[in-house]
Amino acid sequence: MDQSKKTMRHFYCRDVLWETFEQMANDFDCSIDYLVNEAMRYYARSKNYQSPGGPQMTGGVPVPGASGANTYPPSAPKPGMRSPGTTQPPPSVPGGAARRPAPPTPGYAGVGRSAAPTNGPGLGGYASPAIPVAPPVAPPAAPMAAAGPTLFLIYNGQRYPVTKDQFIIGRGSKTSDLPIKDGNISRKHAAVIRRNGTFYIKDLGSTNGIDYKGMRIDNKRIDEGDVFHLCDYELRFTYRAD
């Protein structure tokens, strides 16, 4: 296989990365094509995949005659190039080849949220915007020994005692303790969880969520008289026996 052969490719690139590569190409007087190829080659090697050696570099600048780059003598920097120290050239590698560090893998935080660029160092560093959410409540691995008052769930005029550590509410008749036959209700929509004698309601990753006082919530401790809505269905909770 001809390792020097190149084929036109199309790919999507974040604007901030492309602008960074344009600046690098201008400073090093080389092509973006060269920078992208070097980044891909370096990343392949870092993952222990075989990749061909890149053009020989001197002081972070392509040597005249190197394939895929606009070249110029290392001793004659391009006018307008950043001063030394602004862009640190990569160290030379035995054998004459130099490796440029690959852009770091973008990091993401949060689920189902759009990533937004950060002002931190590095290329393409992304993180989700900070969104305050209530801490998740993990179901207990084993039944809790602590005793507490009996919680009753009132739904559609009927009272359901919650006698399990995890009481499932959802569309599935075989997987739910309280089945609600509606396509807007997820198969496992929510759970009432008992933890150390205290009850919580927890969203199980449903599509339409849990509504409490007009706000969508992930989880909440259940207090006397609390009313939650799953789509158009009202769930009322009480600790009173009558």
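Helices (DSSP runs of H or I, at least four residues) and strands (DSSP runs of E, at least two residues) are numbered from the N terminus. Tyr233 is found in strand 15, which covers residues 233-238.

This is a predicted model, in which local features need pLDDT of at least 70 and side-chain atom pairs count only at pLDDT 80 or more, while totals for chains, interfaces and linings use all residues. Residues are numbered from 1 along each chain as its sequence is written, and side-chain values use heavy atoms, with hydrogens and water left out.

**The whole protein**

There are two helices and 15 strands in the protein. Of its 242 residues, 30% count as buried, where buried means under 20% relative accessible area, exposed means over 50%, and partly exposed lies in between (1.4 Å probe, protein chains only). The protein exposes about 15500 Å², and carbon and sulfur atoms supply 53% of that area. Accessible areas come from the Shrake-Rupley method with a 1.4 Å probe; for residues, only the protein chains shown count as cover.

**Tyr233**

Why is Tyr233 classed as partly exposed? Tyr233 is partly exposed because its relative accessible area is 22%. Leaving aside neighbours within four places in sequence, Tyr233 is in contact (heavy atoms within 4.5 Å) with residues including Ile180, Lys181, Ile185 and Phe228. Two further partners of Tyr233 are Tyr155 and Asp182. Tyr155 is 78 residues away in sequence and 8.1 Å away in space, C-alpha to C-alpha. With Asp182, Tyr233 makes a side chain to side chain polar contact of 2.5 Å. A polar contact is a pair of N or O atoms within 3.5 Å; within protein, one must be able to donate a hydrogen and the other to accept it, and residues adjacent in sequence count only if both atoms are side-chain atoms.

Five strands form an open sheet in the order 8-7-9-10-13, with mixed pairing. Strands 8 and 13 stand at the edges, each with a single partner strand, so one side of each has no neighbour in the sheet. Two strands pair if DSSP finds at least two bridges between them. Strand 10 and strand 13 pair in the antiparallel sense over three bridges. Ile201 stands opposite Lys220 in strand 13.

| Strand 8 | residues 178-179 |

**Helix 2**

In helix 2, the buried residues are Ile32, Tyr34, Leu35, Glu38, Ala39 and Arg41. Asn48 follows helix 2 and has a positive phi, near 65°.
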